[in-house]
Amino acid sequence: MLTETTRARRLADLEPVPDDSLLKLITLCNADPRPDKIDVGVGVFRDASGNTPILKVMKEAEQRLLDTQVTKAYLGSAGDKCFAELLRPILLGEHADDPRIAGAQTPGGCGALRLGFELIAIANPSARVFLGTPSWPNHAPIIGAVGLEVVEYPYYERGQGAVRFEDMIAALRSGEPGDVALLHGCCHNPTGADLSEEQWRDVRDAVVDRGLIPFIDIAYQGFGRGLDEDAFGVRLMLSACDEVIVAQSCDKNFSCYRDRLGSIWVKTGSAEATTTAMGHVFQLSREMWSMPPDHPAACAHIILEDPELRARWLVELEGMRNRINSVRQTLAAADPRLAFIGRQFGMFSMLPLSVDQVLKLRTDHAIYMAESGRFNVVGMSDAQIDRFTAAVVEALDA
Ligand SMILES: Cc1ncc(COP(=O)(O)O)c(C=O)c1O
C-alpha cells in the first residue's frame with residue numbers, strides 16, 4: 001500500500017514550466033499591431049528585406065530529391081552517412097583523414113549537444129562542465145539534463161563588448177583532468193565576442209595542461225569570417241588533444257532551421273576507441289530518436305556532392321555572411337558606444353542597456369529584443385536600420 005510519503009505523484013501534480021523568455025518575446029512582438037515593429041529577438045538569419053529565405057540551392061536539391069527518391073525505408077541511427085562524409089573536410093580541414101575522428105548526422109546542433117554530453121556522462125559521470133556565461137540558454141539545461149555538474153565562469157564584459165579572458169583562463173585552469181570545457185567554435189551566441197587566434201592558443205594550452213576535454217559547439221560555421229576561418233578553434237583543439245567532441249549545427253549555414261540538420265564528431269586516442277565511442281553515440285540516438293530526420297541531410301548531401309550546387313551554396317552562404325558583417329559595420333559606425341559591434345562576429349550582440357531601457361524600446365519604438373540586451377544584428381531589414389540605431393542611441397543617451 002502506498003503511504004502518504006511514497007505515493008506516486010500524478011501528471012496533474014506537475015509544476016508549470018517557467019516561461020521561455022525568447023518564446024514570450026516572439027508572442028509579444030506578434031501581438032504588437034504597429035506595422036513598423038522591429039523584431040531583433042528572433043534567432044534566425046534575415047535578408048535585406050527582412051525575410052528568412054530558403055536557399056535557392058536548397059530548393060533545387062529538394063526538387064531533385066522529390067524527383068529521384070525511390071524509398072523512405074529506414075536508414076539507421078547514423079542517418080545519411082554520405083552527408084557526414086561530405087561535411088568532414090568542411091569542418092575538420094587538415095584533420096579530415098584522421099581515422100581517430102568519426103562523425104554522424106544528428107537532429108540539429110541541439111541533438112549533437114545532447115548526444116555529446118550523454119556520452120561524457122556515460123564515460124565519466126563526475127565530469128564537470130566549464131561554461132562561460134552568458135551562453136546559449138539551452139547549454140546549461142542540456143548539461144543538467146544528463147546529470148553533469150555545470151561550473152559557470154564570467155565570459156563577457158558587457159560594457160566593453162569584450163571577452164573576460166583572464167577569468168576564462170583562470171576558470172579553465174581550475175579544472176581537473178576529465179572535466180569538460182564547453183567552447184563556442186565561432187560567432188558566440190549571445191555576445192558575438194569570439195576568441196582571437198592567440199586567445200584560442202592560450203585556451204588550448206590551459207585545456208592541455210589541465211587534461212580537460214574540449215567540447216566545441218559550432219553552430220554558425222561560415223557566418224563569421226569564412227568556413228575555414230570559423231573552424232580555427234575546432235581544428236586547433238583537434239591538433240592538440242586526444243579527446244575532443246564537436247557538436248555542429250548546419251541549420252544556419254544551410255538555412256533549414258526547422259528541418260533539423262547537424263552532426264556530432266568524436267575524437268579519441270585511437271581509431272578503435274573512437275569506434276567504441278560511436279557505438280555508444282548510436283545506441284544513445286536509438287534510445288532518443290532512433291534516427292535523425294532524413295530530408296535536410298539528403299538535400300545537403302545533394303548540394304555538397306554536386307560541384308555546381310556546392311559552388312552556389314558557397315555563394316549564398318557568403319551572401320548571408322556579408323549581410324551580417326555589413327550590418328555590423330553600419331551599426332558600429334552610428335555611435336562610438338556601438339563600435340564594439342563591428343569587432344564581433346555572427347548574428348548576435350548584446351547592447352549595454354538596462355532592462356528598463358530594453359522595455360522602453362519596446363513600448364516607445366516597437367523594438368523587440370531580449371531583456372539581456374541581446375539582439376540579432378540581421379533581425380531587422382535594411383529599411384529599418386536607421387530607425388533602430390536612432391532609437392538605440394536615444395536609449396543610450398537617456
Ligand atoms: C550556440 C548554439 N548552439 C546550438 C544551437 C542549436 O542549433 P539547432 O537549431 O541546429 O539545434 C544554437 C541555435 O540557436 C546555438 O545558437
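Select R387 and D36, which form a salt bridge (a side-chain nitrogen of Lys or Arg within 4 Å of a carboxyl oxygen of Asp or Glu), the closest N and O atoms being 3.9 Å apart. R387 lies in helix α14 (residues 385-397) and D36 in the loop between α1 (21-31) and β1 (38-39), so the pair ties together parts that are 351 residues apart in sequence. Helices (H or I, at least four residues) and strands (E, at least two) are DSSP runs, numbered from the N terminus.

Colour the two residues by accessibility, where buried means under 20% relative accessible area, exposed over 50%, and partly exposed in between (1.4 Å probe, protein chains only). R387 is partly exposed at 29%, and D36 is partly exposed at 39%.

The model is predicted: local features need pLDDT of at least 70, side-chain atom pairs count only at pLDDT 80 or more, and totals for chains, interfaces and linings use all residues. Residues are numbered from 1 along each chain as its sequence is written, and side-chain values use heavy atoms, with hydrogens and water left out.

Next, select helix α4 (residues 108-123), in which E118 and R114 sit 4 residues apart, about one turn of the helix. Their salt bridge has its closest N and O atoms 2.8 Å apart. E118 is buried, with a relative accessible area of 15%, whereas R114 is partly exposed at 27%.

Move on to R260 and D251, a salt bridge whose closest N and O atoms are 2.9 Å apart. Here R260 is partly exposed at 29%, while D251 is buried at 2%.

Finally, select E60, R64, D306, E308 and R312 together; a network of salt bridges links these residues. The structure holds 23 salt bridges.
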